[in-house]
Amino acid sequence: MSPPLDDAVHSAASSVPLDAIDVSDPQIYQDDTWYPYFARLRREDPVHYVRDSRYGPYWAVTKYKDIMQVEVNHQIYSSASELGGIQIEEQPKGMDRPSFIRMDPPKHDEQRKVVSPVVAPANLANMEGVIRERTIRVLESLPRGEVFDWVDKVSIELTTMMLATLFDYPWDDRRQLTYWSDVVICNVNAPDSPVHSEEERFAEITKMAEAMAKLFNERARMPPKFDLLSMLAHDPATQNMPVREFMGTLGLLIVGGNDTTRNTMTGSIMALNEYPAEYQKLRDDPSLIPGMVSEAIRYVTPVIHMRRTAKEDSELGGKTINKGDKVIIWYVSGNRDPDAIEEPDRLIIDRARPRQHLSFGFGIHRCVGNRLAELQLRILWEELLPRFPVIEVMGPPNRLYSNFIHGIRSLPVRIPA
């Protein structure tokens, strides 16, 4: 996650013609070579027009202040599924899956309000005990003195348990939720992708919707409960969703409840190993854990970009955006903008304002579960530090081939015996 020191990478980024820079290539995220391209765009062309990419022409918005301008002006920069949704890659016609993150007000507000109570402060306080109990159980089961995959043993296990709780999903089948999350966000061109075509993706998400529909219908016949499916089943705004909207909403909730937390659980281990002085600072003063969690979420930036579509002509960073243009806000770049964040390429666990980052988005689409993500990560580190003051990273991560999710598929680590 730290800026690469390889001169060849910096040379490549500085030698390519400015108008040829295309930061939508998933390979630069899998190879972790994206830093110098964004650094150059922020310096030379912060609102950068890419005429030719595999996803068609788009605007790359790379500075914190310009990204914020797009986020708060949802009347101009739309997330609506019918205009293109939230990803640079278009959803195939007939296989689009609307959800409230792919909607503008008022429908966005009505549907978001349905699920918000599950992450309200009172409910988070109620969940803290069970999250802590599970975290302790997972940590106590880890092997000592041998290399194991942190992603599988810790990050996936903890986030899958949380998803099963949020949906009140059958406990023994909970890894299905992780699989479906991977299906929803994967790049179908990656060799290790769980599906390899949009048709195959749609078929698997259809299976997910069928499994969830059985539970949804059961909850509809029962008194309201405090799980996501029951909330959806009992609210007029969501109880009669069309099938593709049901698919999209479930996909959003599964990915939203999983990917940021999962990848920051892994990314925070990597980042602290890269900055041993910060790791030692944390061991010396565990009260820094909440700030470290926010700093890790910024540093990792689990969601790489969001897409908006201009509903009218507008001006952004001195450039004219035309109605219908695809506008991509690159969170990975905004979170490394030195005009907004001091020494942004460094992990600094005691920053003065660590939550002032873009990883959860901003405005009406700010991640509804951001406080739950922070809670899970805080508890993990509160229980991890006294048990295992050192987690050693033993090799490079296996990164996701994606320009949307900054994912880590596996990470070899060792707990000293």
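A residue is termed buried when its relative accessible area is under 20%, exposed when the value is over 50%, and partly exposed in between (1.4 Å probe, protein chains only). By this criterion Trp 180 is buried, because its relative accessibility is 7%. The model is predicted, so that local features require pLDDT of at least 70 and side-chain atom pairs count only at pLDDT 80 or more, while totals for chains, interfaces and linings use all residues. Residues are numbered from 1 along each chain as its sequence is written, and side-chain values use heavy atoms, with hydrogens and water left out.

Nonpolar packing was examined through cores, a nonpolar core being a set of buried Ala, Val, Leu, Ile, Met, Phe, Trp, Tyr and Cys residues joined through side-chain atoms within 4.5 Å. The largest core comprises 70 residues, of which Phe 167, Met 212 and Leu 372 touch the most other members. For Leu 372, contacts (heavy atoms within 4.5 Å) beyond the neighbours within four places in sequence are made with Val 119, Leu 124, Met 127, Ile 131, Met 162 and Leu 166. In soluble globular proteins, nonpolar side chains tend to be buried together.

Aromatic rings of Phe, Tyr and Trp (its six-membered ring) were paired if their centres lie within 6.5 Å, with planes under 30 degrees apart counted as stacked, over 60 as edge-to-face and the rest as tilted. The structure contains 11 such pairs. In one of them, Tyr 169 and Trp 180, the ring centres are 6.2 Å apart and the planes stand at 85°, so the arrangement is edge-to-face. Tyr 169 belongs to the loop between helix H7 (150-167) and helix H8 (175-185), whereas Trp 180 lies in helix H8, 11 residues away; helices (H or I, at least four residues) and strands (E, at least two) are DSSP runs numbered from the N terminus. Tyr 169 is also buried, at 7% relative accessible area. Tyr 279 and Trp 381 form another edge-to-face pair, with 6.3 Å between centres and 80° between planes. Since Tyr 279 is in helix H13 (residues 276-284) and Trp 381 in helix H16 (residues 370-387), this pair ties together parts 102 residues apart in sequence. Both Tyr 279 and Trp 381 are buried. Arg 283 lies over the face of Tyr 279, at 4.3 Å from the ring centre, where a charge sits over a ring if NZ of Lys or CZ of Arg is within 6 Å of the ring centre and within 35 degrees of the ring normal. A single aromatic cluster is formed by Tyr 29, Trp 34, Tyr 35, Phe 38, Tyr 58 and Trp 330.

The loop between strand S3 (77-78) and helix H5 (107-115) contains Ile 86, which is buried at 6% relative accessibility. Ile 86 and His 305 are separated by 219 residues in sequence and by 8.5 Å in space, C-alpha to C-alpha. Beyond residues up to four places away in sequence, the contacts of Ile 86 include His 305, Met 306 and Phe 404. Pro 106 is placed in the loop between S3 and H5, and the peptide bond from Pro 105 to Pro 106 is cis, with omega near 5°.

Positive phi values occur at two non-glycine residues, Asp 32 near 60° and Glu 343 at about 45°. Asp 32, in the loop between helix H2 (27-30) and helix H3 (35-44), is buried at 11%. Glu 343, in the loop between helix H15 (331-334) and H16, is partly exposed at 41%.
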